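Hello,

Here is the structure for your review. My notes on it follow below.

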Amino acid sequence: MNLNMLASRRNDVAVPPHVHPVVRLNRIVRVVGCPMAAVVVASVRWDEPTPAWIWLALFAYAFVWPQAAYWLSRISADQKRAAHFCLIFDCACFGATGQLVSYRPVPTVVLSTGILTAVTGVGGLPLFVAGLTVLSVVYLAGSFAADWQAASQTTLLTIVLSLAVAFLFQLLLAFQAFRQARELIQRRRQIEEQSAQIGAQNEALEHAMRRAEEARSAMEAANLAKSRFLANMSHELRTPLNAIIGYTELILDATYGEVPERVRGTLQRVERSGRNLLGLINEVLDLSKIEAGQLKLNVAPFALPDTVNAAVSSLESLAREKGLKLSTATPPGLPQAIGDERRITQVVVNLVGNAIKFTDAGEVDVRVTLEADQFAITVRDTGPGVAPEHRTRIFEEFQQADTSTTRPKGGSGLGLAIAKRIAELHGGTLTLLESEVGRGSTFGFTIPRAGPPGVTTAAATPATEAPTT
Amino acid sequence: MTKRILVVDDNEDNRQILIDLFSGAGYEVIEAHTGLDAVMIATREVPDLVLMDIQLPGIDGYEATRRIKAQAALARTPVIAVTSYALAGDDRKAADAGCDHYVSKPFSPRALLAKVRTILDGAPPPAA
């Protein structure tokens, strides 16, 4: 038995894993069972005249067939089916032994129960029925050919051998059954361990996902809280500002009586400062609106050249004060653009305003063009230019190219970031096209000719400051 | 006959600007400090126009407008919403509540007066 165990172990190692377990089991059973059956038959034939080919067949069955059956099964496409066919062939061979042992009861019973036990062990009831049928047919055919010459005498040697074979064979099958049961238990334990591991991994994964989800919602909540805070702050800032700007205007309009010329100039400074402050507050609010996803475009068709000209002319006095040449070029016959005119004005005012603000001498040139499927507005200045290392930073919030210039040039540093977001909301771009330190910069602002993505002209509502119902 | 304007605002400074503005322009001005006051005074006085601040203690300007507009005598009274949030959807909410017009703070008194004149007199204001 130890040998069998060793054999099976060796097989486990030597045979590639794709050998069907039934094929492996059959080999072990045959390697032990076939020689034992041959020995029983030989013990009977020893005293009787036996042709040489029968001895040869017995030898072949005992020692060649176990290997041949194994290889035949292994190379077959359907290993299990091939193994079953080999077992049926075994049944036929065992049937033939009936005549060879002259139907002596003891070896006949031992051999037939042996083969049927093996067959049933491998293939269950269907294979048992098939095996029994084949075995019986061959027995009967042999018996007819031998004219029912059943010998009555059985030598003691044959009886002892038969019983020994029966005992050993049953033992072999019992050990195989034990081995399979143990393997089964081990496999089940492995599966249980694996599923426990998988369970633990799943739990860890779920935990990680939950944490990621929590982090995400915390971030969203924080973002929402920030936007709400900014919006509320904006409201709180606007309320007193409303009073400052409003009263200044009322006084200037002589609501409370004539205003002396000296006081008028001072009041105009108050009003201008108030409006500057309002501009900054508006930028903060715009950014918070954009971040909260609450900035909705009021999309409608409009004449882009008119919008650009109006935006530029609102800055003309500023350019004149600095002695800059401010020019615009808009080709005639441009089709209507589609977008939020107020927001596009905001972008143009920001770009041109920046150009004027940062340029101390020379010119600011604004051009509108239609290139294929997009409108492009380019603003070129002869200002200080933007150093390569600052080119991405200028589009970020609260950044100006050179922080040392923040104070003299003023501004919140939000304008360009907001302008870029507005361009992107329109499905366009805002980029620094080219810049050379000391020579100037060119900014490019594009919007798609077809309007913002997801908005059709038909659905576009005209921009109205005062909705009426 | 002098037209009457109801000014609703919880902030005294802002209320005073509107009172000064419209009184100076020759309108009669009545005032309310809260949304509920506004509904009560509007019902009693039946003004020709309402300037409604949106951020009010208690019921907000939208709700007050809804209650004012629900009355047959006031259904056609123009209401101008004044808001300082200026968030997306504010104009929409104002329209949904029944506000006829919408201005965001800070407003220019000059522009607001022009707007009110257009609404009340149906004619552009005389050039100032």
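Two residues are in contact if their C-beta atoms, placed from the backbone, lie within 7 Å. On that basis, residues 24 or more positions apart account for 74% of the contacts in chain A with a separation of 6 or more.

This is a predicted model: local features need pLDDT of at least 70, side-chain atom pairs count only at pLDDT 80 or more, and totals for chains, interfaces and linings use all residues. Residues are numbered from 1 along each chain as its sequence is written, while chains are lettered from A and ligands numbered from 1 in the order in which they are written.

Chain A overall. It has twelve helices and seven strands (DSSP runs: H or I, at least four residues, for helices; E, at least two, for strands; numbered from the N terminus). Of the 469 residues in chain A, 31% are buried (20 or more other C-beta atoms within 10 Å of the residue's own).

The side facing chain B. Here 25 residues of chain A are in contact with 25 residues of chain B. α6 (156–252) and α7 (261–291) of chain A each supply at least two residues of that side. α6(A) gives the most, with twelve residues.

One helix pair. The axes of α7(A) and α12(A) (residues 415–425) come within 10 Å and cross at roughly 40°. Axes are lines fitted to C-alpha atoms over the stretch in contact, with angles from 0 to 180 degrees between N-to-C directions. A:E283, A:D286, A:L287 and A:I290 of α7(A) make the contact with A:G415, A:A417, A:I418 and A:R421 of α12(A).

Best wishes

Note on methods. Buried ≥ 20, exposed ≤ 12 C-beta atoms within 10 Å, placed from the backbone.
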